[in-house]
Amino acid sequence: MPDLDSISRLTLWTAIAIYALAFIAYAFDLARRSSTVKAEERMLVMSDGTVSQAPVDGDVDAPAGKRFVMARIGTSLMVLGWLFHLAATLTRGFANGHVPWANLYEFAMTGTLLVVLVYLVMLTRIDLRYLGTFISGIVLVLLGAASAYFYVEVKPLADPLKSVWLVIHVFVASLSVGIFALAFALSVMQLLQSRRERRVAEGIANAGPGFLRTLPDTVRLENLAYRFAVVGFIFWTFTLIAGSIWAYFAWSRFWGFDVKETWTFIIWVLYAGYIHARATRGWRGTPSAWLSITGFAAVIFNFTIVNVYFKGLHAYSGLS
């Protein structure tokens, strides 16, 4: 009879397969949006008989009905994949006898679980299905890499991890990553939309992928990204403070410039800079979007390259 950890791995690979199907469905949705918009442009004839190629910016709700069927399928698959993902994470926790985020493999499981959860919860308030390809793609890459290369056997906790701060610090950090992921995806879309809007203003007919016509305008995308980044920054600030308190109990000092601590602070500075720059008129638009993207790149670097290749007091957070 397979043990709980084996069941967890099998369930996790099932979730990965379902996420892959969701990614395909979302990709078809974007392709369908593009083809539908192009067809509408060909059919849009003015009263004087001339064909109009004028953009319909802001008409976010124009694609409706059957046009969104693949997005609905993708979202349904994301929910199903998340349920398998949750089962795999809980099973790993039961196999361990402690919370399932004590090493890089487990943190990847929990972190991506919260990325998807944040996305699905926000879908109940805002239509963000156009981000489905980004979110499912990020989860696929991180979860697939963790399952294939970062897996470690079930083992007892290292002494510094035997603390209630493991539950608080790492969970809040994971939640922050989920929120930052949405801000990142929105910033990427903002850059694409900004480029399309500039080309439209220049009178270029083929201004970019057609699906961008069905998305909110640049200002709306930027505002959404900023709001998510602010919420993520609040949680990340708590992560930094909680980590310092935990360090005091574990090593009798609040701060020691360990490589992991340093990168956590670098990420905090990047997002603090983004929020400050975004609040300054001259740093709205493309520059602020790139700051948001840079911040998330630092987050991914911290939880991959730093954990694997940099050794320090947090070595147990990697492949150990």
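View 1. A nonpolar core is a set of buried Ala, Val, Leu, Ile, Met, Phe, Trp, Tyr and Cys residues joined through side-chain atoms within 4.5 Å. Buried means under 20% relative accessible area, exposed over 50%, and partly exposed in between (1.4 Å probe, protein chains only). The model is predicted: local features need pLDDT of at least 70, side-chain atom pairs count only at pLDDT 80 or more, and totals for chains, interfaces and linings use all residues. Numbering starts from 1 along each chain as its sequence is written, and side-chain values use heavy atoms, with hydrogens and water left out. The largest core holds 80 residues; Met78, Tyr119, Leu128, Leu131, Leu186 and Tyr271 touch the most other members. At least two core residues come from each of α1 (4–43), α2 (69–96), α3 (104–123), α4 (132–149), α5 (164–201), α6 (218–251), α7 (259–278) and α8 (286–309). Helices are DSSP runs (H or I, at least four residues), numbered from the N terminus. α5 gives the largest share, 17 residues.

**View 2. Surroundings of Tyr119.** Contact means heavy atoms within 4.5 Å. Leaving out residues up to four places away in sequence, Tyr119 touches Tyr26, Met78, Leu128, Arg129, Leu131, Gly132, Ile135 and Leu182.

**View 3. Helix α5.** Of the 38 residues in α5, 27 are buried. At 1.5 Å a residue (times one less than the number of residues), α5 should span 56 Å; its end C-alpha atoms are 56 Å apart, which agrees. Gly203 follows α5, with a positive phi near 80 degrees.

**View 4. Ile7 on α1.** Ile7 lies in helix α1. Its relative accessibility is 33%, so Ile7 counts as partly exposed.
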